[in-house]
Structure formats: structure tokens, C-alpha cells
Amino acid sequence: WERYKRFYDRAAATARKLMPGVKVGVTGMFDGLRHGTGKRLQRLQETSDVVILTYYPLDGFEMRAPTTVAADFALMLEFAGARPLLLQEVGYSSSASNASDEARQAAFHMQAMAAWRRAGARIPFYNLFLLHDLDTAMCRKLAQYYELAHAPAFEALLCNLGLRRVDGVSRAAWQALFPGVE
């Protein structure tokens, strides 16, 4: 962490020197913020202009209830402080292997989008991840890359984040967020 912190601080200073006015940040995981790496992530933010997080409300590989969204957004905004919060990835699996289903995925996305709208300019970037599921081969490659090929629930998470299935069929979340759009 200390070596990475020194690297990041130097990289941030160099980026600002080469591109005056550029906003610099480093991506952290919401799950890490919740479970113990928050202090380390906070140290990285000391030289950041923006706070960048990925947001998948997980306990292990199980999706937490969509009702946690409001408290999660409050925690992320508190962590960001006066800096803008950029949500690099926002996702929720629809797989039973992740203690979820299509209705929970739809409820999550509706609540997350509502929380984003309430935050206004404090969250200027929100990237919904993914519109379409990844195919099984890609999920397996990613599970191997992350050294989690032994964790079927991780592969299920990767393969069921989309608002549409890999064959293009819309899930309930797509229909909830984009009514009437095929």
C-alpha cells in the first residue's frame, strides 16, 4: 500500500503537470470501503480531485437487499466529502446463485437510479454495468483472470449483471428502467 500510495501521488502530480486542470482519481471498490480497506482508500484520496468507486452491494458473492441502496449511497457520499463521486461501475446480479432474481435486480436499479438523481451534482458520473450479460466463455476467462475459477458464484455474478440476457431478451430491470424501449 505504501509503495502504491507513493506511485499514485507521483502519477497524480505528473498528470496535473502535463495536463493542467485535469481531475485525478483512483478507483476503489465499495465492498472494500465497507469491509476494512476504507482507511487505505482514504489515504489514496488525499491527492485525488475526484473519488471513483465501483458499486456492487455484495456480502461475499451474495447480493445484499436493494433496500440497502440509500444507506450505501450516504456512505459513499460521506466518504467522498467535498469531492465529486464518480461511480465507475454499478451492477447487481439477477442469479439465484447470488441470492437474487430479476425482481431484486430491477428493484436495486430503480433505487440506485433514484439515489443518483437525489445526489445531483455530487455524483456527476454513473455507469450502469452491464446492459447485456457476458457470455459464459468470457465469464470463465474473467474468473480465471481474477483467480476465482473455483468460485461458481463469482462466475454467476459476472454472467448475470446485464439488464438483458446474452440472447438479447430483456430482464425486468430493463423493462423497469426503460419502459416501452425494446
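A residue counts as buried when under 20% of its relative accessible area is left open. Keep that cut-off in mind for strand 2, where Val51, Leu53 and Tyr55 point one way, Ile52 and Thr54 point the other way, and all are buried. The structure you are looking at is a predicted model. Its chain holds eight helices and six strands, and 43% of its 182 residues count as buried.

**The chain as a whole**

- The C-alpha trace spans about 45 × 40 × 30 Å along its principal axes.
- A compact globule of 182 residues would have a radius of gyration near 16 Å, and the 17 Å of this chain agrees with that.
- Take the contacts between residues at least 6 apart in sequence: 71% of them join residues at least 24 apart.

- Strand 1 (residues 27-29) runs parallel to strand 2, and three bridges join them. Here Thr27 stands opposite Ile52.
- Strand 2 (residues 51-55) also runs parallel to strand 5 (residues 85-90), with five bridges between them. In this pairing, Ile52 stands opposite Leu86, and the bridge partner of Leu53 is Leu87.

**From strand 5 to strand 6**

- Strand 5 is joined by three bridges to strand 6 (residues 125-128), and the two run parallel.
- Leu87 has Tyr126 of strand 6 as its bridge partner.
- To get from strand 5 to strand 6, the chain passes through helix 5 (residues 102-119), making a right-handed β-α-β crossover.

- Helix 4 (residues 69-80) has 12 residues and reaches 16 Å from its first C-alpha to its last, close to the 16 Å expected at 1.5 Å a residue.
- Its buried residues are Val69, Asp72, Phe73, Met76, Leu77, Phe79 and Ala80. These cover an arc of only 160 degrees around the axis, which puts them on the same side of helix 4.
- Which elements cover that buried side? The cover includes helix 2 (30-34), helix 3 (38-45), strand 2, strand 5, helix 5 and strand 6.
- Gly81 follows helix 4, and its phi is positive, near 65 degrees.

**Helix 7, another enclosed element**

- Six of the eight residues of helix 7 (residues 152-159) are buried, so helix 7 is largely enclosed by the rest of the structure.
- The buried residues are Phe154, Glu155, Ala156, Leu157, Leu158 and Cys159.
- What do the buried residues of helix 7 pack against? They pack against strand 3 (58-59), strand 4 (62-63) and helix 6 (136-145).

Note on methods: Residues numbered from 1 in each chain as written. Predicted model: local features only at pLDDT ≥ 70, side-chain atom pairs only at ≥ 80, totals over all residues. Heavy atoms only, no water. Pairing = 2+ DSSP bridges. Helix = DSSP H or I, 4+ residues; strand = E, 2+ residues; numbered from the N terminus. Right-handed = clockwise from strand over helix to strand, strands pointing away. Expected span 1.5 Å × (residues − 1). Buried < 20%, exposed > 50% of the residue type's maximum accessible area, 1.4 Å probe, protein only. Arc of directions from axis to C-beta. Contact = heavy atoms within 4.5 Å. Rg over C-alpha atoms; globule rule 2.2 N^0.38 Å.
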